[in-house]
Amino acid sequence: MAEKLFVGPKVRTLRESFGLTQMSFAERIGISTSYLNQIENNQRPLTTTVLLALTQNFNLSLAELASADTNRVLADLKEALADPLFRDTNPGLQELKMAASNSPWLTQAFLNLHTAHRRVNERLMVLDDALSSQKNTGEDRSLLPYEEVRDYFHYHDNYIDQLDRAAEDLAIRNNMLEGNRLPHFQTYLEQRHNVRVRYQDHAANDQTMRQFDSENRVLSLNSAQDDPSLTFLLAHQIALLEYSDLIEEHVAQGNFQSSAAEAICRIGLANYFAGALCFPYRRFLEVSQEMRHDLRRMSHYFGASLEQIGHRLSSMQRSGARGIPFYFLRVDRAGNVNKRHSATRFQFARFGGHCPLWNVHEAFEEPGRFLVQIAEMPDGVRYLCIATSIAKFGAGYHAPVRRYAIGIGCELSFAEDLVYSDGLNLKSASSVEKIGVSCRICERENCHQRAMPPIDRTLIVDPDVREFVPFKLGGNH
């Protein structure tokens, strides 16, 4: 290899995904346990011999090892370093790459510390007594639990191998691969776990979706929900009853800082299993390729919602049988991202709003339509972005309606495998929308939608000239 390859965290994640100890993993690739320990802690690089052994035994490529996490970390580092706190710090791209590759744990500690710093400042601004809260609960609340869990899935490529394979195996053994899974899952709960499923009417303002009475073995579901939602909730209950030990192992490996984060991750992992059970990996991969990732056709075929299909597409990253790397997100009308999963290099904003030129924000203006956009990020990578609006209705006239936009996207090199690329000139520069991560770190000079200046650039203000944006950008601070 031309340069040393330090990918300890990726090797550790690979080993843990197969449930192997360091000793058994080392034996498989023909090295000592101590050598493997040094590799996993980035004290030793991978040699060509070890790389070949990994490729032969685990169907893993050099490209997968080298780029799996680095691009995400680089994007996060760039945004963190745009904070005014580091205004006199301007490391080059190569320096950031070295930090991410050679000192991944230190790099992650820096990102966690910066996140903690931001959260403490936000709490002070709203007079939140963070110190009192920590004293009363005995927990470190510097990181918001949802963000901690989001990062957990983010750095696992939104794919949890053991849970995914367990769900697929269960579906195959019980003939749950296709058709209406709702009665299958209900029967399985009744026969396997002695759980009775009860569908109940709820008041219009009652937001309870499911409630499990463990003592009487009764699962109550809100009957106002559609079949895809009910099916998913049944699969979620199967995960909690039958695979709780496996879920707890993954929660323990997450090393979360609070019990709240552990609880949220536990739900997230059960949801992951439920999605994998509703859409078994290999069958879902086959159908997605046959239908060219047409979300509406796939939702009809699987009896699922568009949101469920989009979410599952973002998790198809099994070694040796990878699907297209997609991102998936769900936003509300205010632009708040309440779901975000990605197997791509797409750079999401960790703080603040996303770019207003991104088509996911336009979906509310044209309900029911699929909007297609070729977008280029500041790093030069282009994506095919698909967005549409969805609505979740409650029971009755007075029930609230929740409205969201969902978006999926992949790098433009995969675009021809998607039905949404039909009729597009994928090579024309004029059809590309140049978007950014967020205004606070975007350096595009002439954006007519800029909401605020980049945080690390000086401003040039001419009192005699007024354009759409009342300033021009100077050099770095």
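A residue counts as buried when its relative accessible area is under 20%. Keep that cut-off in mind for this predicted model. Y327 has a relative accessibility of 1%, so it counts as buried.

Y327 belongs to strand β4, which covers residues 327-331. What about the rest of that strand? Five of its five residues are buried, so β4 is largely enclosed by the rest of the structure. Side chains in a regular strand alternate between the two faces of the sheet. In β4, Y327, L329 and V331 point one way. F328 and R330 point the other way. Residues on both sides are buried.

Now look at the partners of β4. Strand β5, residues 337-342, pairs with β4 in the antiparallel sense over five bridges. Within this pairing, R330 stands opposite K339 in β5. The two strands form a hairpin, with five residues between them.

Next come the aromatic rings. How many aromatic pairs does the structure hold? There are 15. A pair of aromatic rings is described by the distance of the centres and the angle of the planes. Take Y152 and F153. Their ring centres are 5.3 Å apart and their planes stand at 90°, so the pair is edge-to-face. The cut-off for that label is an angle over 60 degrees. Y152 has 9% relative accessibility, so it counts as buried. F153 has 7%, so it is buried as well.

Another pair leads back to β4. The rings of Y327 and W358 have their centres 5.7 Å apart and their planes at 65°, so this pair is also edge-to-face. Y327 lies in β4, while W358 lies in the loop between β5 and β6, so the pair ties together parts that are 31 residues apart in sequence. W358 is buried, with a relative accessible area of 2%.

Rings can also form groups. Ring pairs link F279, F284, Y301 and F302 into a cluster.

Finally, two arginines meet rings. Where does the charged end of R330 sit? It sits over the ring of Y404, 4.1 Å from the ring centre. R330 is one of the buried residues of β4. The charged end of R318 sits over the ring of Y281, 4.2 Å from its centre.

Note on methods:
Residues numbered from 1 in each chain as written. Predicted model: local features only at pLDDT ≥ 70, side-chain atom pairs only at ≥ 80, totals over all residues. Heavy atoms only, no water. Buried < 20%, exposed > 50% of the residue type's maximum accessible area, 1.4 Å probe, protein only. Helix = DSSP H or I, 4+ residues; strand = E, 2+ residues; numbered from the N terminus. Pairing = 2+ DSSP bridges. Phe/Tyr/Trp six-rings, centres within 6.5 Å; stacked < 30°, edge-to-face > 60°. Lys NZ or Arg CZ within 6 Å of the ring centre and 35° of its normal.
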